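The sequence and structure come before the account.

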Amino acid sequence: MPIQAVLQGAGLISGLVRIDLSDGGRCAVCTIMLGSLTSDPCPCTADQLLFNVLNYQTGKKQIQLQHAEYVPRGGTVQRASWQLQEDVEFAYGRFDYALVCSDEGRPLMPGDLLIVRLCTNPGGLRFGYECFMDAPASTFNGFQTALVIKYPGYRQMLAGGQFEPDF
């Protein structure tokens, strides 16, 4: 049973993060979509996904980015240039991890998908859905995960949410 987080909080922009476990809990496949609550999407991009994990230990890298794929709206799968950073602090709060679009990469645009495969170190933490669902919140809004949404004119906002079972 996969889990998902519906991200809200940046005006009419929303996002969806879905997590499916594979390889006996050694890997988590995250599918991230930036969307709009209106039929005419606002001009915006998202280049950072922030998230927390239960049992995170500072100074010990537990999770690695195995690969990332980018699927433009109605397009074909492309290799994506995103990086995984750990123990990141923003004006919005501190998060255990951030997926960040690198300089040569393309940020998410409304309707696009980012598919990321995260794996744990051998012999270390194993993913369970509770790793995400029971992770502590990082912001005053209680977000466990969030997208940083960027609008024209260098304005940015946070769209965040909590992980719940995807029925």
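Q48 lies in strand β4. The model is a predicted one. With a relative accessible area of 11%, Q48 is buried. Leaving aside residues up to four places away in sequence, Q48 touches W82, F90, L99, V100, A146, L147, V148 and K150.

Six of the seven residues of β4 are buried, so the strand is largely enclosed by the rest of the structure. β4 pairs with strand β10 (residues 145–151) in the antiparallel sense, over six bridges. F51 has T145 as its bridge partner in β10. β4 also pairs with β8, again in the antiparallel sense, over four bridges. In β8, L99 stands opposite L49.

In soluble globular proteins, nonpolar side chains tend to be buried together. Here the largest nonpolar core has 38 residues, and I19, I32, F51, L99, L118 and F132 have the most contacts inside it. Strand β3 (residues 27–36) supplies the largest share of this core, four residues. A second, separate core has nine residues, among them L50, F95, A98 and F143.

What does F132 touch, not counting residues up to four places away in sequence? The contacts of F132 are I3, I19, A28, F51, N52, V53, F127, Q144 and F163. F132 has 1% relative accessibility and therefore counts as buried.

## Aromatic pairs

The structure holds four aromatic pairs. Two of them are set out below.

| Pair | Centre to centre | Angle between planes | Arrangement |
|---|---|---|---|
| F51 and Y97 | 5.6 Å | 20° | stacked |
| F132 and F163 | 5.7 Å | 65° | edge-to-face |

F51 lies in strand β4 (residues 45–51) and Y97 in strand β8 (residues 93–101), so this pair ties together parts that are 46 residues apart in sequence. Both F51 and Y97 are buried.

In the other pair, F132 belongs to helix α1 (residues 129–133) and F163 to the loop between β11 (155–161) and β12 (164–165), so the parts tied together are 31 residues apart in sequence. F163 counts as buried because its relative accessibility is 5%.

Ring pairs link F51, Y97, F127, F132 and F163 into a cluster. A ring also takes part in a contact with a charge: the charged end of R155 sits over the ring of Y151, 4.2 Å from its centre.

## Cysteines

A disulfide is a covalent bond between the sulfur atoms of two cysteines. The structure holds one disulfide. This bond joins C27 to C119, with an S to S distance of 2.2 Å. The torsion about the S-S bond of C27 and C119 is about 95°, so the disulfide is right-handed. C27 lies in strand β3 and C119 in strand β9 (residues 113–120), so the pair ties together parts that are 92 residues apart in sequence. C27 and C119 are buried.

C30 has 4% relative accessibility, so it counts as buried. For C131, the closest cysteine sulfur is in C30 at 12 Å, which is too far for a bond. C131 counts as buried because its relative accessibility is 4%.

Conventions: Residues are numbered from 1 along each chain as its sequence is written. This is a predicted model: local features need pLDDT of at least 70, side-chain atom pairs count only at pLDDT 80 or more; totals for chains, interfaces and linings use all residues. Side-chain values use heavy atoms; hydrogens and water are left out. A nonpolar core is a set of buried Ala, Val, Leu, Ile, Met, Phe, Trp, Tyr and Cys residues joined through side-chain atoms within 4.5 Å. Buried means under 20% relative accessible area, exposed over 50%, partly exposed in between (1.4 Å probe, protein chains only). Helices (H or I, at least four residues) and strands (E, at least two) are DSSP runs, numbered from the N terminus. Contact means heavy atoms within 4.5 Å. Rings of Phe, Tyr and Trp (its six-membered ring) pair if their centres lie within 6.5 Å; planes under 30 degrees apart count as stacked, over 60 as edge-to-face and the rest as tilted. A charge sits over a ring if NZ of Lys or CZ of Arg is within 6 Å of the ring centre and within 35 degrees of the ring normal. Two strands pair if DSSP finds at least two bridges between them. A disulfide is a pair of cysteine sulfur atoms within 2.5 Å.
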